[in-house]
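Thanks for asking me to look this one over.

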Amino acid sequence: MSEWTDRPGEHRTGRDPRGDPPLSFRAPPPSTRTAPLPGMPSPAAPGRYDSGPGSRGGRGSRNPRRRAGRGRRYLRTAAVLSSLLLLGGAGTYVWAGTRLNQQVDLGALGARVPAGEGTTYLVVGSDSREGLSEQDRKDLNTGSAEGRRTDSVILLHTGANGATMLSLPRDSWVTLPPYVDPGTGRSHRAAPDKLNAAFSLGGPDLLVRTVERNTGVRVDHYAEIGFAGFVGVVDAVGGVDLCLDKAVRDEDSGADLPAGCQTLDGAEALAFVRQRKQEAQGDLGRTRNQQRFLAALARKAATPATLADPSKAFPTLDAGLDTLIVDTCTQLPDLMGLFEALRNATGGRGRQLNVPVADPDLRTSKGSAVKWDDRRARALFDALREDRLPG
């Protein structure tokens with residue numbers, strides 16, 4: 001595909017030592033509270049404290065001082081509970097902030113494409129085995145390969161026109177920019193290769209530069225999660241519901257799922273999103289499965305039953321942070337923005353797209369690759385950069 005020329009542009013920019021969750025997340029003692037939490041409906045209809053048949057001297061106004069005192073106690077109780085909830089949230093915020101693994105310095109990448117409108121995240125699912133024991137690797141069919149490669153590459157854009165999730169097949173045939181091998185120090189010229197090669201040869205830095213060079217879209221934030229984090233998040237929310245039109249079986253990924261509706265645990269979910277051999281369109285089929293699963297996961301993670309239950313909400317956050325790698329400018333509000341954009345894109349308030357493809361089986365010196373449709377892909381990338389609705 002024809003590429004955009006690199007142009008310089010301005011860059012926008014407690015966990016308990018024993019490993020226990022913050023105190024605010026530990027199970028509270030049984031409550032004896034009779035007053036509702038702020039925002040919840042009161043047991044009595046509004047305005048009924050001093051009204052009713054006996055409100056003018058009858059039974060309803062027999063103890064007005066007692067009623068007024070009870071109302072003040074309710075308000076005081078609600079205020080105390082609200083303060084405790086806010087303090088718990090603040091403690092969790094500080095704890096989570098200390099857990100962010102900010103490895104990627106986007107500001108040090110040198111010449112880049114100009115900044116666009118809105119905010120664009122590069123979301124990467126890697127096959128990093130970090131955090132997995134030898135038994136975990138065997139159970140999850142991840143193999144023993146060291147280092148990390150991409151299993152999914154997604155541009156997630158949010159702006160005035162909502163959220164757009166755009167999957168880039170990892171076998172996309174692109175041009176890698178010039179780079180220096182971080183292991184050997186050897187310099188390499190720009191050359192065509194698969195998108196996945198950028199990540200395995202030069203890590204997140206080269207992947208970001210490759211995506212920007214071939215799309216013209218500026219990456220504002222980077223987020224990467226490994227196998228262990230993915231499995232942990234799915235298990236923490238209690239599994240994810242998915243309906244399959246046909247049975248899915250793949251020896252390489254370990255997928256062995258029957259047709260029909262079912263709840264996938266972390267290991268089953270990982271096998272499902274990694275398999276591609278029985279997909280008619282190979283890598284393109286896999287990206288569609290990944291989008292479909294992310295939509296189901298976002299729905300499950302955003303339900304009140306998950307968000308309001310510390311026994312689920314904390315493990316979900318903890319598991320996600322375990323193998324999450326972000327850029328040095330990403331803070332918790334940025335991660336919240338990423339999650340909100342993902343939920344909107346997969347929940348009907350946005351768009352889930354695949355890059356337009358001209359040839360899904362392009363023969364190259366590096367094996368079969370995916371060739372983008374230059375004209376349609378360029379129009380789509382332009383829309384993202386300018387924060388317009390894709391045509």
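The notes below start with the chain as a whole and then turn to particular places in it.

1. **The model and the chain.** Please keep in mind that this is a predicted model. The chain folds into 10 helices and 17 strands. It has 391 residues, and 45% of them count as buried. Its accessible surface comes to about 20100 Å², with 53% of that area belonging to carbon and sulfur atoms.

2. Strands β9 (residues 221–225) and β14 (residues 325–327) run antiparallel and are joined by 2 bridges. For a place to look, take E224, whose bridge partner in β14 is I325.

3. **The disulfide.** How many disulfides does a search of the whole structure find? The search gives 1. The bond is formed by C243 and C261, with their sulfur atoms 1.9 Å apart. C243 belongs to strand β10 (residues 240–244) and C261 to strand β13 (residues 260–264), so the pair ties together parts that are 18 residues apart in sequence. Why is this disulfide called right-handed? Because the torsion about the S-S bond of C243 and C261 is about 105 degrees.

4. **How open the cysteines are.** The two partners fall into separate classes by the cut-offs used here: exposed means over 50% relative accessible area, and buried means under 20%. C261 has a relative accessible area of 63%, so C261 is exposed. C243 is at 36% relative accessibility and therefore counts as partly exposed.

5. **A glutamate in helix α3.** E212 sits in helix α3 (residues 195–215). Is E212 buried or exposed? Its relative accessible area is 2%, so E212 is buried. Leaving aside neighbours within four places in sequence, E212 is in contact with R112, V113, V217, R218 and V219.

6. **An arginine in a loop.** R170 lies in the loop between β4 (162–167) and β5 (173–176). With a relative accessible area of 17%, R170 is under the 20% cut-off and so counts as buried. R170 and A197 are 27 residues apart in sequence, and their C-alpha atoms are 8.5 Å apart in space.

7. **Helix α10.** This helix (residues 374–385) has 12 residues and reaches 16 Å from its first C-alpha to its last, close to the 16 Å expected at 1.5 Å a residue. Within α10, the buried residues are A377, L380, F381, D382, A383, L384 and R385. What do the buried residues of α10 pack against? They pack against β3 (150–159), β4, α3, β15 and β17 (367–372). After α10 comes D387, which has a positive phi near 60 degrees.

Conventions. Residues numbered from 1 in each chain as written. Predicted model: local features only at pLDDT ≥ 70, side-chain atom pairs only at ≥ 80, totals over all residues. Heavy atoms only, no water. Disulfide = S-S within 2.5 Å. Helix = DSSP H or I, 4+ residues; strand = E, 2+ residues; numbered from the N terminus. Buried < 20%, exposed > 50% of the residue type's maximum accessible area, 1.4 Å probe, protein only. Pairing = 2+ DSSP bridges. Contact = heavy atoms within 4.5 Å. Areas by Shrake-Rupley, 256 points an atom, 1.4 Å probe, with all protein chains shown as cover. Expected span 1.5 Å × (residues − 1).
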